Amino acid sequence: MSTSAQYASAPNVGSAILTTADISLTAPTTVGTIVSAGASGTRIDYIEVQGVATTVASLINLFIYDGTTYILWNQVPVIAVTSSTTAPAFAAYLSSNGNSNIMPLTLPTGYSLRATTSVTQTGVRVTAYGGDF
């Protein structure tokens, strides 16, 4: 255990667009890698789930992956939205401010944050914002 405070020293931002359905909550095969932990670990403070076109009702499953095993960490419901030039696309957010029971998320070295969609989509982008220790 560290005897002094540890702060993120380098930004770590990553994202993936999810289009193909994968309903497994234990061993998904169609997975988007959102962010991989840095050499000394990574702290994620903000996750954005953004429809990039029309969305259908579904779930975005967020996993912590240790290199061998997928651990379901959280699920974000997606609502059906027909986006247009006057109607905004679907969006949802997880943050340290609004979700203090689950955020920030700290990933050890060798771990990554990954995501799947439970229903085939035109496109849902999941982006994580954080920093490496």
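A residue is called buried when its relative accessible area is under 20%, exposed when it is over 50%, and partly exposed in between (1.4 Å probe, protein chains only). By that rule Ala 39 is exposed, because its relative accessible area is 75%. The structure is a predicted model, in which local features need pLDDT of at least 70 and side-chain atom pairs count only at pLDDT 80 or more, while totals for chains, interfaces and linings use all residues. Residues are numbered from 1 along each chain as its sequence is written, and side-chain values use heavy atoms, with hydrogens and water left out.

**Overall form**

- From the N terminus on, the order of elements is β-β-β-β-β-β-β-β-β.
- The C-alpha trace spans about 50 × 35 × 25 Å along its principal axes.
- Of the 133 residues, 43% count as buried.
- The accessible surface is about 6900 Å², and 55% of this surface belongs to carbon and sulfur atoms. Such areas come from the Shrake-Rupley method with a 1.4 Å probe, and for residues only the protein chains shown count as cover.
- Among contacts (heavy atoms within 4.5 Å) between residues at least 6 apart in sequence, 78% join residues at least 24 apart.

**Nonpolar core**

- The largest nonpolar core has 26 residues. A core of this kind is a set of buried Ala, Val, Leu, Ile, Met, Phe, Trp, Tyr and Cys residues joined through side-chain atoms within 4.5 Å.
- The residues with the most contacts inside this core are Ile 44, Ile 47, Ile 60, Leu 62, Trp 73, Leu 113 and Val 126.
- Not counting residues up to four places away in sequence, Leu 62 touches several residues, including Trp 73, Leu 94, Leu 113 and Val 126.

**Buried residues in strands and a loop**

- Tyr 70 is in strand E5 (residues 70-78) and is buried, because its relative accessible area is 15%.
- Outside the four places on either side in sequence, Tyr 70 touches Thr 26, Pro 28, Val 31, Phe 63, Ile 64, Tyr 65 and Arg 114.
- Gln 121 sits in the loop between strand E8 (112-117) and strand E9 (124-132), and counts as buried because its relative accessibility is 6%.
- With neighbours within four places in sequence left aside, the contacts of Gln 121 are Leu 18, Thr 19, Thr 54, Thr 55, Val 56, Ser 58 and Val 78.
- Gly 131 belongs to strand E9 and is buried, with a relative accessible area of 4%.
- Contacts of Gly 131, apart from neighbours within four places in sequence, are Ala 8, Ala 10, Pro 11, Asn 12, Gly 41, Thr 42 and Arg 43.

**Surface patch and salt bridge**

- Val 13, Tyr 46, Tyr 93 and Tyr 129 make a nonpolar surface patch of about 370 Å². Patches are made of residues with over 30% relative accessible area and no salt bridge; like charges are joined within 9 Å, and nonpolar side chains (Val, Leu, Ile, Met, Phe, Trp, Tyr) within 5 Å.
- Tyr 46 lies in strand E3 (residues 42-51) and is partly exposed, with a relative accessible area of 30%.
- The structure holds 1 salt bridge, meaning a side-chain nitrogen of Lys or Arg within 4 Å of a carboxyl oxygen of Asp or Glu.
- Arg 43 forms a salt bridge with Asp 45, and their closest N and O atoms are 2.8 Å apart.
- Arg 43 is partly exposed at 33% relative accessible area, and Asp 45 is partly exposed at 28%.

**Loops and distances**

- Ala 39 lies in the loop between strand E2 (32-36) and E3.
- Ala 39 and Ala 80 are 41 residues apart along the chain, and their C-alpha atoms are separated by 39 Å.
- Tyr 70 and Gly 110 are 40 residues apart in sequence, with 13 Å from C-alpha to C-alpha.
- Gly 131 and Phe 90 are 41 residues apart in sequence and 26 Å apart in space, C-alpha to C-alpha.
- The peptide bond from Met 103 to Pro 104 is cis, with omega near 0°; Pro 104 is in the loop between strand E6 (91-95) and strand E7 (105-107).

Note on methods. Helices (H or I, at least four residues) and strands (E, at least two) are DSSP runs, numbered from the N terminus.
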